[in-house]
Each structure stands twice: as C-alpha cells, then as structure tokens.
Amino acid sequence: MTAIIECRRVERTYTQGAVAVPALRGIDLTIGRGDFATLAGPSGSGKTTLLSVIGGLDRPTAGEILIEGASIAAMDGAQLAELRLRKIGFVFQSYSLIPVLSALENVEFILRLLGLPRAVRLARARETLHEVGLAGLEDRRPARLSGGQQQRVAVARALAPRPAIVLADEPTANLDSGNAGELIALMQQLNAASGTTFLIATHDARVIARSRRHIEMTDGRITLDERASPQAA
Amino acid sequence: MIRLLPLLVPLGWRNLWRNPRRTLITLVVVAVGTWSVLIFVALFNALTTGSRDTTLRFLTGHGQLHAPGYLDDPSVSHSMQAPGPALRRALDAPQIAAWTGRVRVPAIIQSEYRTRSVTLVGVDPQKERTLSDLPKEVIAGRYLAGAGDPGVVMGRDLAERLKTRIGKRVIVLAQAADGHLAESGLPLVGLYAAGKPAEDEFLFVGLDGAQSMLGLGERLSEISFAVRDERSLDTLVAELRRAAPGLDVQPWMELAPLVYTIETFGRYYTAVWLLIMFTLMAIGLVNTQLMAVFERQREFGLLQALGMRPRAIVLQVLLESALLVGVGVLGGAALAVATLAPFHHGLDLGLLAAGAEMMGESRILHPQLNALEGLLYGVIIWLLAVGAALWPALNAASARPAAAMSR
C-alpha cells in the first residue's frame with residue numbers, strides 16, 4: 001500500500017500565557033492509500049491536533065508532513081486551501097454546515113469552488129446526497145435536518161469532490177447509536193467503493209471495532225498502532 | 001476570484017439576513033446617514049447658491065468693466081466710452097450670455113417730505129431683463145419700458161422713507177460730467193422688492209435719460225456681463241482685458257468678495273461636516289462589521305477548511321458590507337429625493353425671511369441636489385463602508401482555520 005500521509009517527527013506545542021503545552025510530541029505515522037484507520041485516545045491526547053496539522057488547518061511546531069509525497073511545510077494559506085479543496089475532505093464533530101445553504105447547496109459549495117460546470121455540480125451533488133441516503137431532502141436547510149441527517153450532508157460534502165483523503169473528527173459524537181452505525185457503514189462502503197483514505201479520530205468503540213487499522217494516542221504520542229484481522233474489518 | 005462572485009453574492013445576501021435585527025439597524029443607520037448628508041448638501045447648496053444668485057442676478061452679473069478708478073470713486077468723472085468694435089466683438093462672443101451698459105452714480109433724491117442719498121442707475125430695460133432679476137421684482141406699478149422711459153423705479157422701502165407713491169414726482173440731483181449739479185423731476189412709475197439694503201439704495205431710470213441728464217453723451221459707468229458656463233469665466237475675463245486694455249475688468253469674485261468668501265467658506269464647511277459625518281459612519285460600521293466577523297470566526301475557519309482561499313474570505317466579508325451599505329445608500333438616496341421633491345419649486349423661508357434678507361438670501365430657497373452630486377456622495381459612503389470592512393475582513397482571513405474553528 002503506497003503512503004498517502006506521512007508524518008515525520010511532528011510536534012505541536014501551544015502556549016498558554018508563559019506556559020508551553022505540548023499537544024504532539026514527535027509523531028511518526030504513515031497512512032496508506034485506501035486505508036480506513038481510526039485514531040483513538042482520551043481527551044487532550046492530541047487526536048484533533050494531529051488531524052488539523054495533517055489537513056493543513058494548523059502548522060506543526062517541528063517535523064514534516066507529506067501528502068502524496070509532497071511536503072506541506074512551505075505552503076502558504078492559499079496553497080493549503082487549494083490542497084484541502086482538491087485532496088482532503090473534512091467531517092467535523094459538530095456537522096459544520098453553512099446554515100444559509102440547503103443540503104444540496106452545501107454539497108455543491110466545494111464543487112463551485114472547484115469551478116465545475118453547473119450541470120456536473122448539480123448531478124454530482126444529488127448523486128452524493130443519494131449515496132448517503134438523503135434523496136428528497138436536497139432543499140432543506142441544516143436547521144430543518146436532524147443531527148444524523150446533517151452529519152450525512154457533511155459526509156456528502158466531504159466526498160463530493162472525490163478527495164484522496166477524508167479526515168473525520170469524532171463524526172459520531174453527536175449521533176444516536178442507530179445514526180452512528182449507519183454513518184460508519186456508509187463511510188466503510190464509500191472507502192471500499194472509491195478507495196478514499198479515511199482517518200477518523202473517535203472515542204466510539206463501534207467505529208474502532210469496524211476499522212482496519214487502529215491507532216491509539218496518549219499525551220501527544222502514538223502508543224498503539226495495530227491492524228485488525230480481516231474478520232474484524 | 002471573479003468567477004466566485006455568483007457563489008459569494010447570494011451567499012453574502014443570505015448571510016446578512018441571519019441576523020435581521022442587526023442588518024435592519026445597520027441599514028437604517030446608513031440610510032439616515034446618507035439622507036442627512038444629501039439633505040444637508042442640498043440645503044447648503046441652496047443657501048450658498050441663493051446668496052450668490054441674489055447678488056449676481058441683481059446688478060453684479062458674472063463680471064463688470066469700469067473705467068480705472070471707478071470702483072474707488074464711482075462718480076461721473078470715472079465714466080468710460082461706449083464699447084468700441086474690439087470690445088463689442090469680445091462681448092458678443094458666444095460664451096457670453098448677455099451684457100449691458102449702465103450709468104451708475106451717486107445721487108440725491110427728494111420728495112416733497114424727505115431727501116435721501118441713493119445710487120442712480122441708468123439702464124437699458126430690454127438688455128437688463130436678460131441679465132437681472134430686478135424687472136421681475138416689481139411689486140407695484142411697472143418696470144421701465146425702454147432706455148428712453150422718463151419714469152423712475154425705486155425700492156418699496158425707499159418710497160416709504162420718502163413718503164411718496166406711484167404717480168408722484170421726485171427730484172433727482174447728481175453731479176453732471178461738466179461739474180454742475182444736474183437736476184431732473186421724474187414720475188415714480190414702479191416699486192420693487194429686493195430686500196434691504198438694495199431697496200433703500202438703488203434708483204432706476206432709463207439709460208438715455210441718465211446720460212442726457214448727466215451730460216455723458218454715449219459714455220457709461222459700467223458694463224455688466226453674464227456667462228453661459230461659469231467655468232469659462234477666467235478665460236473670458238482675460239479676453240476682455242485684452243480687448244479693453246484701458247479698462248478694469250473684474251469677475252464677480254472681486255466685485256462681491258463677501259459673497260465669494262461665504263461661498264468658499266461654505267464649501268469648506270460642507271467638506272469638514274461631511275468628513276465628520278463620514279468618519280462617524282465609518283467608525284459605526286467598522287464596529288458592527290468587527291462584531292459580525294468575530295461572531296463568525298468559526299464559520300470562516302470552516303470555509304478555509306473546505307478549501308476557500310483567504311482572499312475569497314476577504315471578498316466574502318467585503319461583499320456583505322458592500323451589499324448591506326449599497327442597499328442602505330439607495331434607501332437613503334430615495335428618502336432624500338422623496339423629502340426634496342415637494343420643495344422643487346422652492347422652500348419658502350416664511351418667518352425667517354427677514355433674517356434671510358440680511359444674509360443676502362432670497363425668501364425662497366431652492367434645495368439643489370444634482371444626480372452627479374448625489375451619486376458622488378452615495379459612492380463615497382459606499383466605498384467608505386467597504387473600506388471600513390477591510391480590517392474585519394483581513395482579520396477573518398488571517399486566522400488559522402484550526403484556531404478559528406476552536407473559538
């Protein structure tokens with residue numbers, strides 16, 4: 001499996017007043033193309049920070065991150081935005097949809113940023129919403145969707161541009177068990193169908209149980225990195 | 001970036017209505033600000049223009065020619081020849097709308113009861129009508145019929161002071177060209193109302209009669225002219241000076257320096273007042289925009305996380321401001337037009353008329369707001385507001401997405 005994400009001695013230290021708070025302490029991690037990996041650990045272990053620096057939402061204090069073999073260290077804000085637009089999809093814990101846009105428009109938003117023609121955009125947005133089980137709800141704004149439906153829209157938005165990587169931060173945290181199960185099944189199905197790499201930060205044992213690779217973090221360090229047996233996955 | 005406009009404009013418009021109360025308050029502030037700026041400018045234009053027009057359309061015109069020394073000693077001894085061919089050609093230039101020659105000398109007027117010192121003005125009524133509003137100000141009797149009219153027209157106030165009335169004769173005395181005291185008995189044929197002190201000062205007779213009485217022959221005291229476009233005044237004055245090198249040629253700014261000073265001061269006053277208004281509006285708008293941006297830091301972080309470039313975030317915030325203020329400016333402009341529309345025939349100062357006369361104003365003010373001026377101030381307010389949003393916009397785009405989303 002070729003590497004799509006490489007973290008080399010990545011460190012991230014925050015400062016709170018005069019106090020330095022290390023969030024990542026020398027992370028070495030390689031994620032292969034098409035992987036479906038979970039990142040677990042207690043609160044404050046550095047899961048969200050690691051996803052942020054991999055996705056270029058934050059910059060590491062030290063170390064290097066490569067996406068598809070290219071270092072992102074020297075990229076400016078616009079280049080990082082372009083990288084995220086073309087290669088990385090995000091799913092956040094709190095849905096994070098644009099409240100003034102309908103479900104269809106939220107999914108179409110990134111496709112418009114990509115400059116795709118209107119017909120292609122609409123067709124792909126509808127198709128992706130259909131794939132996540134939201135056919136018929138395209139015109140609803142987020143306020144008129146349930147939590148589970150909003151998170152599906154967020155997944156559809158992340159997948160519609162067909163990114164190489166999806167980074168998901170606690171995607172099931174605000175969902176009931178039924179919706180959480182459906183969402184994980186959906187992401188697994190999309191991973192299998194399109195080969196998109198998923199790296200999911202989660203506390204949820206059901207998500208961890210269905211991943212092919214499980215990484216544990218404690219105090220900014222990777223303390224466990226294991227692959228599930230084929231039966232478990 | 002332009003290709004993103006079809007995405008960002010509707011998004012910006014919808015974002016504005018996420019907080020309708022704040023948007024409406026801002027709209028009202030911008031609209032009222034715009035309205036007050038436009039109304040103030042229209043009224044101030046009316047005041048300065050009214051004061052200037054009252055002076056220029058009484059006797060001054062846009063400029064005058066005199067014999068050297070006349071302005072220091074406006075007596076019959078400082079008269080000038082009627083214009084020769086070169087000066088006549090210059091005065092007949094297409095840029096000059098009208099011109100007329102006058103006799104204008106100090107005189108004494110005597111009724112059967114009183115005597116007053118006045119300025120005797122001999123005019124050609126036909127030419128005067130194209131240059132002066134005075135013929136329209138006659139409120140009793142009639143204006144002079146021609147240069148040879150034997151009657152006299154005086155101000156209503158002067159007639160009251162002299163205790164005379166239309167139909168009665170008055171005696172006019174003035175020094176003639178040969179040095180003797182010329183005297184003429186003339187019937188009062190008309191009274192004009194032009195406000196003090198003009199009503200007290202000027203006495204109008206036919207030009208032929210004045211020249212004859214004073215033994216001037218064809219000589220004149222002054223030539224007054226009006227131009228079609230005031231922007232050409234300097235050039236025309238220079239041409240007239242070339243055409244009449246022996247005469248004093250002066251634009252109205254030198255003839256009526258007080259009016260010119262009031263107008264110039266008015267322009268500066270307006271500029272300073274507008275600057276204060278614009279600054280206050282800008283401070284208010286920056287504050288509102290900053291609040292709106294700080295509230296949406298998380299959203300701007302999300303947009304960057306989704307792949308929107310920082311420049312597009314800046315554009316998004318600026319567009320929202322441009323839309324909001326644009327609507328406010330249009331609303332304010334519409335309100336200003338609606339406010340001024342009932343007064344397009346003039347605003348009667350009524351009880352303030354006496355004060356207005358003292359300021360050289362006419363009783364009727366004509367609020368003026370031309371489309372270009374309205375557009376200019378609207379665009380200034382609009383650009384100012386968009387500029388005021390720049391700092392909040394840069395602020396929104398400069399935060400790292402992770403930090404913005406954690407707020």
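Start by selecting strand 1 of chain A, residues 3-16, together with strand 4 of chain A, residues 62-67: the two run antiparallel and are joined by 5 bridges. To see one residue pair up close, pick A:C7, whose bridge partner in strand 4 of chain A is A:I65. Keep in mind as you look around that this is a predicted model.

Now widen the selection to the whole sheet. In chain A, 4 strands make up an open, antiparallel sheet, in the order 2-1-4-5. Strand 2 (19-32) and strand 5 (70-71) of chain A are its edges; each has a single partner strand, so one side of each is left without a neighbour in the sheet.

Time to bring in the partner chain. Where do chains A and B meet? The contact involves 18 residues of chain A and 18 residues of chain B. On the chain A side, select helix 2 (77-87) and helix 3 (103-113), the elements that give two or more residues to the side touching chain B. Helix 2 of chain A gives the most, with 6 residues. Colour this side of chain A by residue class and you will find 10 nonpolar, 4 polar and 4 charged residues.

Before moving into chain B, a word on confidence. The model scores ipTM 0.89 and pTM 0.73. Chain B has a mean pLDDT of 88, with 96% of its residues at 70 or more. Where pLDDT is low, the predicted coordinates should not be read in detail.

For the last stop, select helix 12 (residues 310-340) and helix 15 (residues 390-398) of chain B. These helices pack at an angle of about 145°, and their axes are 8 Å apart. Helix 12 of chain B passes helix 15 of chain B in a right-handed crossing. Which residues make the contact? Show side chains for B:P310, B:I313, B:V314, B:V317 and B:L318 from helix 12 of chain B, then B:L390, B:P392, B:A393, B:L394, B:A396 and B:A397 from helix 15 of chain B. By class, the residues of this contact between helix 12 and helix 15 of chain B comprise 11 nonpolar, no polar and no charged.

Definitions and conventions. Residues are numbered from 1 along each chain as its sequence is written. Chains are lettered from A and ligands numbered from 1 in the order in which they are written. This is a predicted model: local features need pLDDT of at least 70, side-chain atom pairs count only at pLDDT 80 or more; totals for chains, interfaces and linings use all residues. Two strands pair if DSSP finds at least two bridges between them. Two residues are in contact if their C-beta atoms, placed from the backbone, lie within 7 Å. Ala, Val, Leu, Ile, Met, Phe, Trp, Tyr, Cys and Pro count as nonpolar, Asp, Glu, Lys and Arg as charged, and the others, Gly among them, as polar. pLDDT is the predictor's confidence in each residue, from 0 to 100. Axes are lines fitted to C-alpha atoms, for helices over the stretch in contact, and angles run from 0 to 180 degrees between N-to-C directions. A crossing is left-handed if the near helix is turned anticlockwise from the far one by less than a right angle, and right-handed if clockwise.
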